[in-house]
Amino acid sequence: MKDKNKIKKILITAFTVALLFIPTYFAIGSYITAKDAPVEKNSVTSLEFCDLNGVVTKYDRSDDTGKKLIDILMEIHDSARSVTSLPEELTDSEYISVTYYSYDLTSEYKYYFSSAKPSNSYYLDHDGNAFIINASAAISFLDSDFSSSLYKGSSVPVLTLNGKTVAPENCDWSYYSYSNVRHDVSPEAADINGRVECLYRSFDPKFSRMPDKSTIKVTDGTGNVIFSGNLDAFLDSDYFRKNIKDDITLNIEISAEWEPLSGSGSGGKIKYSFVTDFVFDPLAAFWLGENTIESGEFVVLSGKYIEIDDLSQIKVTVIPEIKFNPVFYRDGDCIRTLIPFTLFDPEKGTTYKITVNYLNKTTELNLDVKPSTAKVKERKYNYQGVIDMTTRSKANFDAFRQLIAGLPCEDKVYFSGSFLTPDEKQNRARFGDTVNNGTEEEKHISNGIAWVCYKNQPVYASNSGKVVYVGNTVMGGLTVVIDHGLGLRSVYYCLDTSTIKVGDIVEKGAQIATGGGKQGYTDDHTCYFELWLGDTPVSYYPLVEGGRNGEIVIGDLG
């Protein structure tokens, strides 16, 4: 009897222990099953969903949205049919990536859905095996909100201002999926919600998808309407840059409409309302085309975001002082002036401080002017009276200088690329050379090129420009002056005949005159070419092909 009771106790104990281990057995079995098939419906606890736009969203089985997505994907798996491989046209196409979490296992699946033809949808499992998705299961996914990235234009367009996204006040945006199911879409979170600070000249709202219609309404703090109408027309008018002269707060209301796109029917209406604190900063951007030049050359000083019409209000000072008054010219949305630095002692270099005063704000720029590297010479000529030094008297040269300085210049850039010069192999003097025509008193510095040019030989325009003078001067005889823009002129004198007239537009390399003949300060076979800024001759060396720069250096904002 005792043995029977003992056996009974042992059996009861064993049965109890077995009952305790049943959950473990089930867990072990489930783990083994999950390892073999890690995305079975009951084994998936969560997943990461990466759509075609690269947006990653994590879903958990414990919430309704996550459970819905898992159910849709598991339906796809359960009804799919194994195939040898993906169709060749899909191998390099975009796909939706889903990373499944089952116990401590992770596996990635790739889904290739066709929103136009659901029966042509496939997926690759975690081992790279290919499956064709049942059309009905594919449609279930295509008609769900999870498939939005498959439809063109399904995302709500984003409005940005100064690189930050603006939150809509009202948004009515939708698209239609495969079975003509309407999906209403909410906008993403935005950086700007109700108020933004903006520099007055940088108000430039941009849409990620251009609307078919957009309007703007601008009101001040008292409700006075400043502007109401087409957004593009308002931006083109450059209203703020032209009208704001102080800090101001304005209310901005932008309304935009998009017509439905074919394929998804995505479209809608969005309204944005925000308060903008405009900060007025009258300090325009000024810069030099170069930081280092050589003596005898010039530098381009440019400005942008200029809010005044009278450019003479912009004052430029140069220290050490130079005897030149810079004049600004308009060049598109910029202004420019060319500043010459005459030849000085070649043993020295100088750093100049250029200060621009604009609307009581200043910009200081430094320019290094180094000694000229040009190989200048002293040219000694004695023409035994053929060249009349009284013709090149100081009074006649000053009159010549004043004539050139007083000629008109337009707000137009005619020049482009390198400048042409006469044949320097035939030169009698180059820029910077000392010319001695007989006595020490008759020495002077050459302002350009004196070159051999016999009667009827052609003289060509150094660059494109407008003819502003054709006439006779006491010192230079027949003289032609061409305006190249920004105040730069080329001067040709001691000519025989001209082939152009004032007002003509000439191209670079076009014939403008012939040489030869005894006119002005010359013999009968020497002509002169020079470049001038205002009343100052400047070097052509850096502007010619093969020169230090090869053209005029304008530069740009860095």
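Visitor: At the start of α3, which backbone nitrogen does a side-chain oxygen of N134 reach?

Guide: Bear in mind that this is a predicted model. Helix α3 covers residues 135-142. At its start, a side-chain oxygen of N134 comes to within 2.9 Å of a backbone nitrogen, and that nitrogen belongs to S136.

Visitor: Staying with α3, within what arc do its buried residues fall, seen down the axis?

Guide: The buried residues here are A137, A138, F141 and L142. Residues three or four places apart in an α-helix point the same way, because there are 3.6 residues a turn. Looking down the axis of α3, its buried residues line one face of the helix, since they fall within an arc of 140 degrees.

Visitor: Which aromatic cluster does F141 belong to?

Guide: F141 is one of the buried residues of α3. Its ring also belongs to one aromatic cluster, made up of F49, Y59, Y100, Y109, Y111, F113, Y123, F131, F141 and F146.

Visitor: Why does the pair Y109 and Y111 count as stacked?

Guide: A search of the whole structure turns up 31 aromatic pairs. In the pair of Y109 and Y111, the ring centres are 6.4 Å apart. Planes under 30 degrees apart count as stacked. The planes of Y109 and Y111 meet that cut-off, so the pair is stacked, at 25 degrees.

Visitor: At how many degrees do the planes of Y111 and F113 lie?

Guide: Y111 is buried, and F113 is buried too. Their ring centres are 6.0 Å apart. This pair is stacked as well, because the planes lie at 10 degrees.

Visitor: Which ring does the charged end of R392 sit over?

Guide: The distance from that charged end to the ring centre is 5.0 Å. For R392, the ring is that of F397.

Visitor: How many residues apart in sequence are the parts that K304 and D333 tie together?

Guide: Side chains of opposite charge can pair when their charged atoms come close. K304 and D333 form a salt bridge, with the closest N and O atoms 3.9 Å apart. K304 is in strand β20 (residues 298-304), while D333 is in the loop between β22 (329-331) and β23 (334-340), so the pair ties together parts separated in sequence by 29 residues.

Visitor: Is R336 buried or exposed?

Guide: R336 makes a salt bridge with D331, at 2.7 Å from N to O. D331 is partly exposed, with a relative accessible area of 23%. Buried means under 20%. R336 has a relative accessible area of 8%, so R336 is buried.

Visitor: Which residues are linked with E169 in a network of salt bridges?

Guide: The whole structure has 15 salt bridges. One of them joins D504 and K501, with the closest N and O atoms 3.1 Å apart. In the network, the residues linked with E169 are E253 and K271.

Visitor: How far apart in space are G417 and G550?

Guide: G417 sits in the loop between α6 (394-405) and β27 (427-429). Among the residues G417 touches are N463, K508 and G550. In sequence, G417 and G550 are 133 residues apart, but in space, C-alpha to C-alpha, the distance is 7.3 Å.

Technical notes. Residues are numbered from 1 along each chain as its sequence is written. This is a predicted model: local features need pLDDT of at least 70, side-chain atom pairs count only at pLDDT 80 or more; totals for chains, interfaces and linings use all residues. Side-chain values use heavy atoms; hydrogens and water are left out. Rings of Phe, Tyr and Trp (its six-membered ring) pair if their centres lie within 6.5 Å; planes under 30 degrees apart count as stacked, over 60 as edge-to-face and the rest as tilted. Buried means under 20% relative accessible area, exposed over 50%, partly exposed in between (1.4 Å probe, protein chains only). A charge sits over a ring if NZ of Lys or CZ of Arg is within 6 Å of the ring centre and within 35 degrees of the ring normal. Helices (H or I, at least four residues) and strands (E, at least two) are DSSP runs, numbered from the N terminus. The arc is that of the directions from the helix axis to the C-beta atoms. A polar contact is a pair of N or O atoms within 3.5 Å; within protein, one must be able to donate a hydrogen and the other to accept it, and residues adjacent in sequence count only if both atoms are side-chain atoms. A salt bridge is a side-chain nitrogen of Lys or Arg within 4 Å of a carboxyl oxygen of Asp or Glu. Contact means heavy atoms within 4.5 Å.
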